[in-house]
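Have your viewer ready and try each task before reading its solution.

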Amino acid sequence: MPIVEPNQSKRVLVTGANGYIALWVVKILLEQGYRVRGAVRSEEKGKKLLDTFKSYGSEQLEYAVVKDITQDGAFDEAVRDMDAIAHTASPLSAVSEDPDELIQPALRGTLGVLNSALKNGPNIKRIVITSSCAALLHNVTAPTEVFDENNWADEAIGIVKEQGRKALFMEKYRTSKALAERAAWDFTEKHKSEIGWDLVTIQPPFVIGPPLQEVKAPSELNVSLDTFFKNMCTERPEDVLKGSYGYVHVEDVAKAHVDSLKTEAAGGQRLIISSGATTWQNTRNLLKELYPKLYAAGALPIGYPQLPEVILWRYDAAKSERILGIKYKTIKEIAKDTMDDFIARGWIKEAQFNN
Ligand code: NDP
């Protein structure tokens, strides 16, 4: 199947372009010579996007305003003249308990992009969708299971169907990602004789690393970095710190999106993009080795260094290592890049008073 080589004649639409992961995708696309159109929800967000990458100029980066991704035909204009799409836009939080607040934008947004590509994107060769490990995991209680690309979050879909608004937020989020991703695969299969593209889905676990978006305070961080900040820099109960998580550097996630455009063998694949798994307390213990002075000064809370280690969320990333040739950044590199950024922003002292 076709691939999309980086040069100034190749144009890539990035949806949700102002988001945490998407800004890294845009950065790497621009660095590699692609022309980028970022889809955002308002003019203001578009202007901010151009400002973030002003050194590249309007020849290489432009924006399209797509106010509501759930509307039919929302992406009809945005996909015109594109050679590829990276679809990242999807909600990670909700204001009400209604599962549809997450499910509808995820599902309708994904189908909307694909329908518009079918209608107005004759040159589109590859579509990369930011799915998630959330779309493939189920609840586990023992550290025996390793998830791979054959898994699907059917358990969460069943729970949300049964419990509706009462289901846990994570079950609703997993459902939104699984339904959207499955709809994308089904759509691509159904229309295979009419389309010129193939599909890749990127499945990261918990994404960490320095943000490129404007953030004036930790409370403005995206969901994963906000959790990392709270779990590393503020007092947290034992129950939280003994919890485990799969992790990956945001730059590796973004590179995986871009490499998926350029790698023929990525077409038609779900790809777990994951560096490893650990506990929050282990991460604190690692930070103590990296920043002994900050801990000695009481600027960062150590928590419970002797907590037993039970790691539940393990993912097999062998396929992405093989196909994309990724050498994942270690948790030490990821944690250091992120904390150095927090320190540079002057947030660590603030954390002492943020308990
Ligand atoms: P951000 O919140 O930083 O970015 C989300 C992007 O999606 C923003 O551009 C946001 O627009 C847009 N968006 C959210 N809800 C809607 C909606 N209802 N309609 C239109 N646009 C919407 O999050 P991330 O960068 O972390 O997430 C990007 C993608 O990566 C998502 O698909 C997420 O599921 C996936 N992912 C994230 C992980 C993580 O740990 N961060 C892990 C695995 C997958 P606006 O700014 O206007 O709200």
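**Exercise 1.** Which side chain meets Lys329 in a salt bridge?

*Solution.* Start with the ground rules: this is a predicted model, where local features need pLDDT of at least 70, side-chain atom pairs count only at pLDDT 80 or more, and totals for chains, interfaces and linings use all residues. Residues are numbered from 1 along each chain as its sequence is written, and side-chain values use heavy atoms, with hydrogens and water left out. Next, apply the salt-bridge rule: a side-chain nitrogen of Lys or Arg within 4 Å of a carboxyl oxygen of Asp or Glu. The partner of Lys329 is Glu251, at 3.4 Å from N to O.

**Exercise 2.** Find how the protein is divided, and how far apart the domain centres lie.

*Solution.* The bounds come from an automatic or database domain assignment. Domain 1 covers 11-210 + 249-274 + 316-321, and domain 2 covers 211-248 + 275-315 + 322-348. Over C-alpha atoms, their centres are 24 Å apart. Counting contacts (heavy atoms within 4.5 Å), 50 residues of domain 1 and 35 residues of domain 2 take part.

**Exercise 3.** How much area do domain 1 and domain 2 bury between them?

*Solution.* Take the accessible area (1.4 Å probe) that two parts lose on being put together, summed over both. This gives about 3,600 Å², with 66% on carbon and sulfur atoms. Then look at domain 1: Phe206, Ile208 and His249 lose the most area to domain 2, together 20% of what that side buries. Finally, the salt-bridge rule finds two such pairings across this interface.
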